[in-house]
Amino acid sequence: MPSTAAALSVADVLKQAAQPVLNASDVDIEGAGPERTIISGQLFSREVQTGLYVNMHDVLYLGDCAFDARKERSLSCGLLLAGEVAPIGIRGYDPVMQTRGRPFLFGLGQATQCDRLWRAGTRSRGAGVTLNPDFLERFGADVADDGLALLHQYLQPGSRSAVLPSSRALTQIAVRLLDHPYRGPLAALFLESSALQFVLEIAFLLRDEDRLARQLGRLHLGRVTEAREILDARLADPPSSLELARQVGVNLTTLQENFKTAYGMTLFAYVRVERLKFARELILDQGLGIAEAGYRVGFGSPAAFTAAYRRQFGHPPSAERGAMLN
């Protein structure tokens with residue numbers, strides 16, 4: 001999405017609505033004339049396949065504004081990368097809340113009136129997709145045994161929402177969508193492939209959560225997920241296993257057993273692997289030097305970092321730097 005900021009009037013918002021399943025003619029923005037500037041930044045939405053829309057936003061709300069609109073039967077999947085978003089009010093159902101850094105799903109099984117109140121000064125940056133029934137119904141019985149089948153449930157009568165565990169893969173897709181430099185046909189191809197990747201990653205997360213909920217139970221799965229997110233936030237300085245168990249409210253043995261069941265490795269191994277994956281991203285995506293990347297993720301010396309990196313990836317970090325220069 002182009003990086004140049006713009007002032008968006010009410011008319012612009014209706015034209016570039018980041019929720020494509022809203023009928024623009026049905027949207028009401030209280031207290032705002034059509035040419036009043038209410039948002040600074042960018043809103044983007046495009047249908048990339050029949051029934052599949054990619055949505056992006058990076059905005060600052062300059063004034064209070066209340067949106068009231070009819071939302072058609074659809075499933076929205078999104079990821080808030082920075083800032084905050086207002087809850088989505090749904091007539092007859094509980095509001096839908098979003099958590100920064102965690103994927104959310106919001107499905108309506110029928111057209112429903114929805115509203116949202118944005119406060120002046122609110123900043124928000126995120127990306128996602130909206131799926132209309134036409135998109136999911138194309139797959140029919142082919143999705144009976146994978147995560148796409150679970151997506152169908154969000155289009156059943158009523159309103160359903162969920163917050164999924166954080167996903168580095170999904171975060172990378174969202175960031176690439178917002179920052180991509182492409183134009184013309186290449187941009188269209190990039191948007192379509194990224195939207196499909198986003199849908200598949202959401203499906204994988206749903207499938208894995210459903211499997212683990214059956215194995216561990218929802219309560220223990222929630223504690224394991226919370227433990228993983230604490231570790232992800234403190235990779236350079238993780239809490240001890242005992243401290244982590246206390247934070248999530250479970251005994252250490254249970255946490256260790258359930259964590260290994262969920263993620264296939266011990267707490268210690270998880271931290272080590274995620275540190276190295278993050279360091280690799282810092283080197284490849286942000287161009288950090290080897291020593292700086294190692295220190296950033298908690299290694300005390302470049303030698304220790306290089307040795308651990310070689311064990312994990314089969315080559316030293318200098319090989320990544322060399323590949324970037326070639």
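Which residues lie nearest the centre of the largest pocket? Hold that thought, everyone, while I cover the ground rules. This is a predicted model, where local features need pLDDT of at least 70 and side-chain atom pairs count only at pLDDT 80 or more, while totals for chains, interfaces and linings use all residues. Residues are numbered from 1 along each chain as its sequence is written, and side-chain values use heavy atoms, with hydrogens and water left out.

Back to the pocket. Ser166, Ser167, Arg168, Ala169 and Thr171 lie nearest its centre, out of 34 lining residues. A pocket here is an open set of points on a 1 Å grid over the protein atoms alone, where a 1.4 Å probe fits, with protein on both sides within 12 Å along at least five of seven lines; lining residues have an atom within 4 Å of a point. The volume is about 1100 Å³, taken as the space filled by probe spheres set on the points.

Who builds the lining? At least two residues each come from α4 (168-179), α5, α6 (218-233), α8 (252-263) and α9 (267-286), and α9 gives the largest share, eight residues. Helices are DSSP runs of H or I, at least four residues, and strands are runs of E, at least two. By type, the lining has 15 nonpolar, seven polar and 12 charged residues.

Let's stay with α5, residues 184-216. Its 33 residues reach 48 Å from first C-alpha to last, close to the 48 Å expected at 1.5 Å a residue. Just after α5, Gly217 takes a positive phi of about 90°.

Now over to the salt bridges, meaning a side-chain nitrogen of Lys or Arg within 4 Å of a carboxyl oxygen of Asp or Glu. The structure holds 16. One of them joins the side chains of Arg73 and Glu137, at 3.8 Å from N to O. Because Arg73 sits in the loop between β5 (65-71) and β6 (74-83) and Glu137 in helix α2 (residues 133-137), this pair ties together parts 64 residues apart in sequence.

Last stop: Gln98, in the loop between β8 (93-96) and β9 (104-108). Leaving aside neighbours within four places in sequence, Gln98 is in contact (heavy atoms within 4.5 Å) with Leu80, Val85, Ile88, Phe104 and Arg116.

Notes: The expected span of a helix is 1.5 Å times one less than its number of residues. Ala, Val, Leu, Ile, Met, Phe, Trp, Tyr, Cys and Pro count as nonpolar, Asp, Glu, Lys and Arg as charged, and the others, Gly among them, as polar.
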